[in-house]
Amino acid sequence: MKTKKEKKSGRVWKAILKGVLNTFLTIMLIGLITGTIVGVALLIYLKDFMAIDYDIENLKLDLDQTSSVYYKDNETGEWVEWEEERIHGSENRLWVSLSEIPDNLEDAFIAIEDQRFWEHNGVDWRRTGGAILQVVKSGSFGYGGSTITQQLIKNVTGDKDVKIQRKLEEIFRALSLEKNRSKEEILEMYLNTIYLSQGCSGVQTAANLYFHKDVSELTLAECACIAAITNLPTHYDPIQNPDNNKYRRELILEEMEKQGKISKEEYEAAMSEELTFYTKDDVMEDEEEEGVNIHSWFVEAMLKDVINDLIEQKGLDENTATRLVYSGGLKIYSTIDRDVQAAMDEVFENEENYPVLEGIQPEAAMVVMEPYNGYVLGIVGGRGEKTANSMWNNATMSKRQPGSAFKPVAVYAQAIEEGIATYSTVVDDYPVETDPSKRLWPKNSPNAYRGYTTVCDALIRSVNTVAVRLLDEIDPINSFYFLRDKLRFTTLVEGTDGKGDFGLPMALGGLTYGVTVREITNAYATFANNGEFVKSRTYVKVLDSDGNIILPTKSQEKNSREAVFSPSTAQLMTNMLGEVANPYGYGTARKLTLSKTVDVAAKTGTTNDNKDIYFVGYTPYYVGGVWFGYEQPRYLPGFSVSPSLSLWDKVMTKLHEKYITEAKNGGEPLRKFDESTLIKYEYCRDSGLLAGEYCSLDPRGNRISTGYGSRDMIPSATCDKHVPVQWCTETKAVAGPGCPEDKLVTIALVRNEERVMERSVYVADAQYTYREVPSGYVYPTSINVPFYINLYTPGTYPADCGAERPINSWCVEHNHPEAAEKTEKAEKTE
């Protein structure tokens with residue numbers, strides 16, 4: 001019989017076991033519920049992927065359809081086919097059937113990229129297992145587990161993301177694709193779309209470029225060479241990195257022999273074969289000799305536009321879009337004006353229109369647009385006659401520093417639009433950086449500082465300091481986003497600290513890479529178009545082979561134009577840029593000849609290192625931009641007339657001859673720029689405000705000028721900068737109480753309380769400046785400094801005027817007898 005103690009102990013253990021069992025069952029239940037929820041969620045998640053029915057349609061297009069280009073006849077207004085610019089499908093074949101591709105090339109790709117291609121169902125689970133181990137270690141798919149089927153999907157979709165979700169989607173797409181397509185179809189699509197460096201997509205284009213052969217003629221070694229490129233195209237490019245390619249193609253040949261795809265003899269012969277490579281230049285020379293149809297600069301740029309728009313607007317991959325353009329029987333209605341293009345070609349192909357230089361000759365490029373609808377009317381991508389297809393187009397592809405030609409769009413127009421500046425706003429022209437341990441920055445050209453300068457004058461003379469100070473007020477980041485988002489510059493780089501274009505150098509056109517001629521020309525067209533930006537375009541519409549309009553899309557049309565400046569801002573910019581081009585003025589574009597007859601607004605642009613020379617200008621009829629420089633940037637000598645200005649002037653003069661002749665013969669008068677929102681007003685050149693009573697007393701003469709602006713731009717205040725000062729005519733200095741009354745006159749000096757520098761710098765208006773001095777102020781005893789010099793603390797300076805006796809010096813002779821006596825003795829001693 002159990003004792004009480006034993007019974008009590010048994011009850012305790014029973015309670016403990018019951019509690020443990022309850023806890024265990026509770027945990028099991030929670031785990032079961034949680035597992036069920038997670039399992040259901042996982043099944044739902046996987047169901048989305050398992051439900052994928054993926055296929056690739058329309059990748060292979062009819063190879064023999066010719067695409068046509070049309071232009072509008074200027075006489076009849078009718079669309080005419082441009083027969084010389086037909087894009088013949090048979091001449092531009094990019095796609096080759098699997099039967100035309102050598103077995104060695106197929107085997108080379110399979111040997112190195114996907115050994116079990118013929119056995120798996122789209123996914124090589126053995127390799128995928130290795131990828132999963134990589135996921136466990138790093139959390140992402142960095143392991144090369146993709147089959148040829150998966151690579152094809154990646155090439156077509158352009159999706160290079162390595163996240164787990166994307167990889168799962170790719171796996172299920174591959175499984176689905178192999179149900180819908182045969183292995184042969186998949187391999188054919190893969191070999192025709194794989195990227196092989198040098199702008200080559202597909203084995204046919206690679207065979208043409210690297211070996212100048214049809215793909216069917218490739219040797220075993222050449223097949224291995226092309227297959228070697230795939231893994232890392234630039235790294236294994238046989239022209240750029242021949243040693244890297246040689247290493248990988250030998251690896252491929254070893255794999256092919258090991259896998260029984262070639263014999264020992266074939267392996268040894270291929271290993272010893274010396275390969276001879278063609279380059280793009282070689283292909284161009286052959287095209288010229290063989291009489292291949294050479295497409296114009298304009299047409300090639302237009303075809304690129306159509307391809308890019310098919311990608312962006314229709315969701316096509318680059319390979320499909322390219323094939324559709326070159327072999328899809330499209331009808332492309334261009335914006336070209338054949339008369340404009342002919343005038344451009346005539347000027348740019350004539351060597352007499354370029355300066356004579358020794359050695360390698362600089363290049364040049366130009367774009368001409370219709371400013372009101374964004375139509376590109378003509379393109380020249382290089383100097384001289386175009387001699388081959390696919391040449392580098394300096395007008396649409398080169399990113400070059402625009403120099404001061406960037407100021408109107410990056411600084412002045414934005415400052416006016418934001419209410420920071422008007423025609424007469426005054427900005428102090430002296431260096432922003434005056435630290436003695438650093439270089440003065442920015443420097444002007446010519447290298448001088450003038451002090452108070454109006455915005456219009458600064459634009460006319462291309463004053464760097466004023467542009468930098470205005471950009472600082474706008475904020476470079478704000479300007480950057482305006483240029484990128486409103487004026488659609490695509491070449492700017494986001495970032496600071498020397499890694500982007502957020503800094504003040506942007507005011508001077510100092511950019512990471514630069515801009516294209518086409519983009520800056522498009523931006524200037526906005527001024528001519530009363531502030532409305534219209535994105536440049538090289539085609540009006542594109543029809544497919546069945547006559548359906550496929551471009552532009554409705555969203556493309558909707559997003560192509562936007563009012564980015566008010567009409568008054570645009571008109572004021574045109575007015576001021578017109579002064580830059582005034583042949584009777586002092587602007588940087590005054591050497592134009594066309595502006596003597598036709599309204600012209602323009603801006604020059606030369607980089608500080610003199611490597612790029614831009615000129616952008618417009619009339620009521622056209623807007624055009626020109627670049628001149630070396631393709632590989634290098635120093636250009638100084639020119640008496642800018643080569644870019646000269647080329648622009650010659651082309652535009654030809655284009656306007658018909659309008660000038662018609663006007664002279666009593667026909668339609670020459671068009672004038674629209675300045676309907678602007679009115680005249682008189683202002684003081686030193687304050688930018690309405691002229692006051694003392695502005696005419698300035699020692700330099702009357703400081704009143706005429707400006708322009710809309711009503712809300714005209715200042716309402718009167719000049720408060722000119723301060724009346726008693727001046728001694730005997731000593732030619734600011735008078736004090738000791739000066740004889742009969743020697744006193746009243747002059748006006750210009751108040752400048754802000755100019756403080758860390759070193760003394762010459763500024764032209766320094767001797768005409770004024771500062772208020774406090775009661776009890778001790779005047780200087782020197783006659784070659786301004787009377788207010790003692791307001792400056794040690795290490796700070798106003799400005800140096802360069803005069804032996806500044807107009808704003810203190811009359812020491814009548815007000816500091818002791819100092820005057822010392823001066824007189826010193827002069828006698830000398």
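1. Basis of the note. The model is predicted, so that local features need pLDDT of at least 70 and side-chain atom pairs count only at pLDDT 80 or more, while totals for chains, interfaces and linings use all residues. Residues are numbered from 1 along each chain as its sequence is written, and side-chain values use heavy atoms, with hydrogens and water left out.

2. Helices α7 and α8. Two packed helices are described by the angle between their axes and the distance between the axes. Helix α7 (residues 203–211) and helix α8 (residues 220–229) have axes that come within 11 Å and cross at roughly 115°; helices (H or I, at least four residues) and strands (E, at least two) are DSSP runs numbered from the N terminus, and axes are lines fitted to C-alpha atoms, for helices over the stretch in contact, with angles from 0 to 180 degrees between N-to-C directions. The two helices are therefore roughly perpendicular to each other, where angles under 35 degrees count as roughly parallel, over 145 as roughly antiparallel, 65 to 115 as roughly perpendicular and the rest as oblique. On the α7 side, Val203, Ala206, Ala207, Tyr210 and Phe211 meet Glu222, Cys225, Ile226 and Ile229 of α8, contact meaning heavy atoms within 4.5 Å. These contact residues divide into eight nonpolar, no polar and one charged (Ala, Val, Leu, Ile, Met, Phe, Trp, Tyr, Cys and Pro count as nonpolar, Asp, Glu, Lys and Arg as charged, and the others, Gly among them, as polar).

3. Helices α9 and α10. The axes of helix α9 (residues 242–258) and helix α10 (residues 264–272) come within 10 Å and cross at roughly 175°, which makes α9 roughly antiparallel to α10. Glu250, Leu253, Glu254 and Glu257 in α9 meet Lys264, Tyr267, Ala270 and Met271 in α10, and the residues of this contact divide into four nonpolar, no polar and four charged.

4. Helices α15 and α18. Helix α15 (residues 407–417) packs on helix α18 (residues 476–485) at an angle of about 105°, with the axes 10 Å apart, and that makes the two roughly perpendicular. The contact joins Val409, Ala410 and Gln414 of α15 to Asn478, Ser479, Phe482 and Leu483 of α18.

5. Backbone geometry. Most residues other than glycine have a negative phi, and most peptide bonds are trans. Serine 197 has a positive phi, near 65°, and lies in the loop between α6 (183–193) and α7. A cis peptide bond joins tryptophan 441 and proline 442, with omega about -10°, and proline 442 sits in the loop between β6 (426–429) and β7 (451–454). The bond from serine 445 to proline 446 is also cis, with omega near 0°, and proline 446 too is in the loop between β6 and β7.

6. Second largest pocket. This pocket holds about 1200 Å³ of space; on a 1 Å grid over the protein atoms alone, a pocket is an open set of points with protein on both sides within 12 Å along at least five of seven lines, a cavity is a set where a 1.4 Å probe fits but cannot get out, and lining residues have an atom within 4 Å of a point. Grid points are joined across faces, edges and corners, and a volume is the space filled by probe spheres set on the points. Of its 44 lining residues, Ser404, Ser445, Pro446, Ser462 and Thr606 are the closest to the centre. Strand β12 (residues 601–606) gives the most to the lining, with four residues.
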